[in-house]
Amino acid sequence: MRCTFLLFVVLCSVLLLGCSTGPGEKAGQYNFKQGMAETQFTFLENAPPEQIYPGSTFKIIVNVDNQAAYDVTEGIVQIIGLDEKYFSVAPLEQSFNTLAGRSLTAPEGEKTFLEFWGSAGNLFENADEYTANFFLKAHYRSTVDFADTLCINSRMYETYDAGCKVETHKSYDGQGAPLAVTELDEIIAPGDGAQAEFRLHLQNRGEGTVNQVNLGPAKLGSEELRCHFQGEADEQQFIRFDEQQEATVICTKYIGSLNSYSTTLSLSLVYDYDYQQQQSLRLVK
Amino acid sequence: MADDEQKELTQRYKRFQRIKELKAADPAMTSARALEVIREEERAAEEKGRAARDEEKAAKEREKAARTGTTKDNKPTGKSFSWPSLGSSGNSTTHHESSGMGVYITLIILSVIVLLIKNYIAYDPLISLLISLVLGVFFFIAVHYTPEPGLKISLVLFAFALDFVISQGLLYFIPESEIKNILITIHVFIWVILAVALFIMGVFDRLSTGKHLGAVSWLLLTLVIGFVLFLVFPLFLQNPLAYQQQSHDQYFQIAQQETSKITASLAETKNVWSDFISCTFDQIAQPTIDRAACLEEKKITRYCRTQVQRDADVDKCIAEQQETKIAVVGISDATITQPTKAEFVVGDYFPRKTFYRQGEPLRYPIELKLENPRKLTPQVEVTCHFTRGDINIPGKVVGTDQGNYQILPREHSSHIIICEPDGALDGTYDIIYNATLRDLQAKSRLQRAFIGAKENAWKETWIPKIMDAHFPGSSYLSQAPEEFARINFAFGNPLENPIIESTENVVLSSTVENVGRGKIIAVKNYELQLPGFSVDDTRCLSGSLAVSTSPRSGDNIYLPSCFITALPPELQAPSEYVFKEFEATLSYDYEISTSVPIEVEAVTS
């Protein structure tokens, strides 16, 4: 009797623990704008085939899958580096429409397929095979939004202030895009006419390369923030990433002499992104 | 009763008698104690006997040594055997000092005389063996009386064994081995080499004991060190062989060829060093001089002086050589695993030795085998002739086609060539079969990447990617199947750079390389397929060439070079880059040959 009761209790516990909220509710709680994610470019299986025969035709089908949390636009996919004598591919370049990023309404992101038609030439003399290496190159434009709640305190030396505490340095693991704000430094010059300076460090964490980054709207709470890229003129609202693939955005704001308060810093960036991937085709006898 | 039993019984009786005597002398003595005493006495007697025997033997040996002057191991009395006296400070025995250097000089003279005799008798195997035996005995006796003869005797025995094994073994049972020429050279010169080696060892022995060499020894030493390999051997080998005997007289020719190769290599080495020293001094005097260019110029001048007679032609030759002198390297195309091949195959039943009766035909068949995966159809012309030394007997190829036929477009083909001599044969000869393959075609391919004018940032990003993807290893060089000859070509700035940005200083050059074992007879046509390219000298794109000297394997025929002045429009400014492969075609005639030794014995009845 006692054993049976004990078994009943264990079973109930297991059932209760195993229960959880449905996928809809879970998805609703998930923030896609975190971490690192980017648009994936992959070949479909057997397109192209592993071995291609002289004089035959084949297809190259590229699966473009947006796994980032932001839409990608102005996308172009190119096939570069094939010798027409062996492999003739048309078209060599294709564009794709806006692909939506992952969101509550499209948690899987949006994907599309691009088809390239190819035909194989002949092998050189009585060669057994020929391997052609080429690059799949993609270019697109996307955005990344940064937002975080910060403490603003122009009276840092006041003895009594029951408000928030300023965190001078914060780190982030990304905002769901290859371009990420990785660190934020908050520098406040206290006193009358207090000024807050925010330094956001940008870094490319994806497998491609970031070309140009344009500053979008930046706000501190509901007020506009003035931002510029470190090392560039204040009026210039864009920067070209170099080999280092990183940059710093500096935003400043006069905060006045107020008690400490928490507010949201938000910044939007638009960037051009290039991605290339080496692939190969094999022509066999 | 057997002897053993008898002996044992006698011994037991003696022991019994001895026990009685001991007990009589000492009544308290027990039998066991008496036995112990007897055993000690027997042991002592045995040792005494052994000592006596040893003493007797030693005395006999001393007596023998005194009579013959050697130890029982037949070694000279006095110093025992040790390694040669390089650096040793021991004294040689006075008995052997008297041998002096005269022994070695005598051996050198003797070996040279034997070389002449063998040349005279044309290396008949049996007579050669007899002479080697006699010579070996002379050497053996001579070195026996020199200081520390152990190693020298071993060398003599080794030389004899080597001579015997080579002449009677290797050259007899496997006359067509790949090291035949080396074996023959050793067989011809082994005794002279040994005599010289012994002489040098004798010099070291003498000098290490603090003694002086005589004038003759010094002179000979100077000759040996400085000139024996350059003067003495070629001097002997210049004597013509005018004997027609059933013997291996072609050995001298083979040894002469091998020595000539060594002499040519040494001459070339000397030339390289003298050019190097000369150009170095020129560069010191005038620092702007490029030493590599200076060395090349001297090499070209020397080459042209040997090729032409008149000074005007020499200048023309130098200009031509300098103009075309860009060596382009190529590699074998790894994707072509079945190249075209042609070879003569000697069958197992080839008549290497025949008995010839006057009036009967002598026929020597050989197979010309062709692996032809591309199903080419070259014309083949086969000839043959018979040689022995300076004698050259023409041969004719019998059969309906008489050695002239066209290869059918098949992957494998085989043709039997039968050669008949045009004259009578008697003795040993070499049959030389030559097959000229006409109108062979060879193709090569070269890959390049055209990027146009790009920013540094793009180049820094993409050029490593392009090199990694398209030009791994040596694939920036032109590639061709590993066949008889190939055309290597390249263009770029510099030549081996596969990334083409513009036409600035882009050189186009090509070379015909002999990668087979035969000879290139003619370059009928070459063509580099570069559609849309402009050059400043169209001779570099196509033409034909007269081959004045048939290049041996590994030699290059330099084709004209030029600068590229314009690229086709699609390659001038690509948005990213264009990767393209170009082909070159070579049409040529090629000759392969083989030599087969035969022996013909004339039979009168």
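Me: Where in chain A is A:Pro48 found?
Reply: Heads up, this is a predicted model: local features need pLDDT of at least 70, side-chain atom pairs count only at pLDDT 80 or more, and totals for chains, interfaces and linings use all residues. Elements here are DSSP runs numbered from the N terminus, helices being H or I with at least four residues and strands E with at least two. By that bookkeeping, A:Pro48 belongs to the loop between strand E1 (39-43) and E2 of chain A.

Me: What is omega for the bond joining A:Ala47 and A:Pro48?
Reply: Residues are numbered from 1 along each chain as its sequence is written, chains are lettered from A and ligands numbered from 1 in the order in which they are written, and side-chain values use heavy atoms, leaving out hydrogens and water. The peptide bond between A:Ala47 and A:Pro48 is cis, and its omega is about 20 degrees.

Me: Does A:Asn46 count as buried or exposed?
Reply: A:Asn46 lies in the loop between E1 and E2 of chain A. Its phi is near 70 degrees, a positive value in a residue other than glycine. Buried means under 20% relative accessible area, exposed over 50%, partly exposed in between (1.4 Å probe, protein chains only). Because its relative accessibility is 59%, A:Asn46 counts as exposed.

Me: Why does A:Gln245 count as buried?
Reply: A:Gln245 also has a positive phi, near 60 degrees, in a residue other than glycine. It is found in the loop between strand E14 (238-240) and strand E15 (246-254) of chain A. A:Gln245 counts as buried because its relative accessibility is 13%.

Me: How far apart in space are A:Leu150 and A:Leu265?
Reply: A:Leu150 is part of strand E7 (residues 129-152) of chain A, and at 3% relative accessibility it counts as buried. Leaving aside neighbours within four places in sequence, its contacts (heavy atoms within 4.5 Å) include A:Leu184, A:Phe198, A:Tyr261 and A:Leu265. A:Leu150 and A:Leu265 are 115 residues apart in sequence, while C-alpha to C-alpha they are 6.8 Å apart.

Me: Over in chain B, what is the bridge partner of B:Val523 in E19(B)?
Reply: Strand E14 (residues 519-529) and strand E19 (residues 578-603) of chain B pair in the antiparallel sense over nine bridges. E14(B) is also joined by three bridges to strand E16 (residues 542-545) of chain B, again antiparallel, where B:Val523 stands opposite B:Leu545. In E19(B), its partner is B:Tyr588.

Me: What is the relative accessibility of B:Glu483?
Reply: B:Glu483 is in the loop between strand E10 (478-480) and strand E11 (485-492) of chain B. Beyond neighbours within four places in sequence, it is in contact with several residues, among them B:Pro339, B:Arg374, B:Gln441 and B:Val515. B:Glu483 counts as buried, because its relative accessibility is 5%.

Me: Which helix gives the most to the lining of the second largest cavity?
Reply: That lining comprises B:Ser111, B:Val114, B:Leu115, B:Lys118, B:Val188, B:Trp191 and B:Val192. Helix H4 (102-121) and helix H7 (180-208) of chain B are the elements giving two or more residues. The one giving the most, with four residues, is H4(B).

Me: How many helices and strands does chain B have?
Reply: Chain A comes to two helices and 16 strands, and 44% of its 285 residues count as buried. In chain B, buried residues make up 40% of the 605 residues. The chain B tally is 14 helices and 19 strands.

Methods: On a 1 Å grid over the protein atoms alone, a cavity is a set of points where a 1.4 Å probe fits but cannot get out, and a pocket is an open set with protein on both sides within 12 Å along at least five of seven lines; lining residues have an atom within 4 Å of a point. Two strands pair if DSSP finds at least two bridges between them.
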